[in-house]
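Thanks for passing this one along. Below are a few notes to read beside the coordinates.

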Amino acid sequence: MAQSTLDGPTAARSTVKARKRVWPTLEAYLYLAPTLIGLLIFVFIPIFTSFQLSLNRIAPFGNQTRFVGLDNYVTLLTSADYWDTVRITFLFVLGTVPTGIALAVALAILLSYPVGRMAWFYRALIFVPVIISSAVTGVLFRWLYHPVVGYLSYWMVQLGIFENMQQAPNWLGSKEWALVAVIIATAWRQLGFNVIIALAGVQNIDESFYDAAKVDGAGILQRIRHITLPLLSPTLFFLLVINVIYSFQAFGEINILTQGGPGRATTTMVYSIFETAFVGTPQRGLASAQAYILAVMVISMSFINFATASRRVHYQ
Amino acid sequence: MAVQTRKAPRGFHIRFSDIAVNLLLILIGVAIAMPIIIAIFTSFKTPSQVITFPPSVLPKDWTLQNYVVAWNVNPFGRFLLNSTIQSGLITLAQVLFSVMAAYAFAILEFPGRNALFYLVIGSLMVPFELVFIPNYQLISALGWGDTYMGLTMPFLVSAFGVFLLRQFFLTVPKDFHDAARIDGCGNWRYLWTVLVPLSKGSIGAFAIFAFLSAWNQYLWPLIITSSVEMRTLQIGIRYFMSTLDRGADWGPVMAGAVIAILPALAVFLIAQKQLVRGIAMSGLKG
């Protein structure tokens, strides 16, 4: 297009020049237009709308809004219920992240062992949770946690962890176990992704380190302890940050397994936002304030992740 | 000794640790995949077998009844159609728009390029929880609640896709572009006839990501759909399960779960290598 206008014999010299300058820029913006408009409408503007909402009290079932300044934030920060959701969120993160990463690294080391033709099969079995949705995960685990014919309790009894089915935990019905139950389900879904990242990290470690250690007579455990884990630290750090972010945002499993209950035993910060905004009497101003508090936490984690990304380049 | 064993014919080169690692891996692998394995087998059990104690993994008599119930009593066919339309539209749009934007950022020169690129990347840090209430209000105000428009609109563009494809476009030698320009080939034609065919692998990997994350979406379809006819599979199975409290069977629920898993599982089995490489390279789930 630009070429043909240049060839036009009747075109005045000045317009040609102007077009030559204007058209490439215009063309570039046309290529970008869908992405920029989409992000503007559904990401950038809502950042402000959300903050504006958080400064208002919105009458339920009506369009009446009243500016209340930082009242919503004050309400939250002085509410024992809200601090409880913060506490539960941190327990949830503590339950899912460290065990999830430890398990993923152990599996990655095992998978890096040359096992020959069956490797793809083992990998498929261990990676497969990565394609399962949070909703389906919730459904699958609700079945495993079934109070009468649940596989999990039954197998735990078989393994001698509990004496009989009556002694086995009431996974979703008791306040003590419900959080453990959603932690197990969420950590399971997250595992496939974690192993993939950990395995990539393990495979990037140069063989020569191991060969040198073997010559020095280091055993398997010593090699893991003194070579694999230190050289894996950038990957471990990345896994830590990304898992904390994902755990902060976990929603589907909780919604399907416990709906935040029993009581408020599994009401995390994200769940509380959903409940405040969409369940019962919607209070979208208050929910937006909660969303802002959560976003600040998640964005600071992302920021740490981006800021340290360059240091990982060697290993990833 | 070590030298001798290494020289032994292949078949004899079996060490104890090899067997141990293989056994361990198959045991752990089956344990991890167990929730899915149980769902698949449960979906083929008769109602009485589903709730027998002690629970067995394998069905005694196989039946397709659960799938018939899931398909007819609950409109799982309709849910499957909805999920396909929703995920298909999102994938197509994300690939198309990301290819275009990535081209501009990687190849074209224009004022504001770097600033805009950082803006696009920056949007990756914004958690969905921060924007979903305003988005819900906007979509509702436009009258798109409970429509395909409402399901797909907020997800038609992908900053992640732009980033991933730009990285790849940058590796294509600039000489190709210069040569094409000299031959009178415009940007649009160069993009679709030269660059895109060269980048099939990356674009394919991104399309898989886009599809899986759209297919597995939960929070947004949950709040934006209100009628049974508009539910996606993920939402359909959630409401189907809530009928269990009123005495429904687990068998059809598991059949529904298997229907919801199958397309993603097929993609995983066909494109495992690309998917795994993509996740490992980008560190993102899409």
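1. B:F76 and B:F79 sit 3 residues apart in helix α5 (residues 76-106) of chain B, so about one helical turn separates them. Both B:F76 and B:F79 are buried. Please keep in mind that this is a predicted model.

2. With ring centres 5.2 Å apart and planes at 70 degrees, B:F76 and B:F79 make an edge-to-face pair, since planes over 60 degrees apart count as such. Over all chains, the count comes to 39 aromatic pairs.

3. A:F251 and A:F274 are another edge-to-face pair, with centres 4.8 Å apart and planes at 70 degrees. This pair links distant parts of the chain, 23 residues apart: A:F251 is in the loop between α11 (233-248) and α12 (252-257) of chain A, and A:F274 is in helix α13 (residues 269-278) of chain A. A:F251 is buried at 5% relative accessible area, and A:F274 is buried at 8%.

4. Ring pairs also join residues of both chains into a cluster, including A:F251, A:F274, B:F128 and B:W220.

5. Which residues lie over the face of B:Y239? B:R231 does, at 3.9 Å from the ring centre, and B:R238 does too, at 4.9 Å.

6. On the surface, A:I37, A:L40, A:I41, A:I45, B:L138 and B:L142 form a nonpolar patch with about 490 Å² of accessible area together. Helix α2 (residues 13-54) of chain A gives the most, with 4 residues. A:I41, which is in helix α2 of chain A, counts as partly exposed at 34% relative accessibility.

Terms used:
Residues are numbered from 1 along each chain as its sequence is written. Chains are lettered from A and ligands numbered from 1 in the order in which they are written. This is a predicted model: local features need pLDDT of at least 70, side-chain atom pairs count only at pLDDT 80 or more; totals for chains, interfaces and linings use all residues. Side-chain values use heavy atoms; hydrogens and water are left out. Patches are made of residues with over 30% relative accessible area and no salt bridge: like charges are joined within 9 Å, nonpolar side chains (Val, Leu, Ile, Met, Phe, Trp, Tyr) within 5 Å. Accessible areas come from the Shrake-Rupley method with a 1.4 Å probe; for residues, only the protein chains shown count as cover. A salt bridge is a side-chain nitrogen of Lys or Arg within 4 Å of a carboxyl oxygen of Asp or Glu. Helices (H or I, at least four residues) and strands (E, at least two) are DSSP runs, numbered from the N terminus. Buried means under 20% relative accessible area, exposed over 50%, partly exposed in between (1.4 Å probe, protein chains only). Rings of Phe, Tyr and Trp (its six-membered ring) pair if their centres lie within 6.5 Å; planes under 30 degrees apart count as stacked, over 60 as edge-to-face and the rest as tilted. A charge sits over a ring if NZ of Lys or CZ of Arg is within 6 Å of the ring centre and within 35 degrees of the ring normal.
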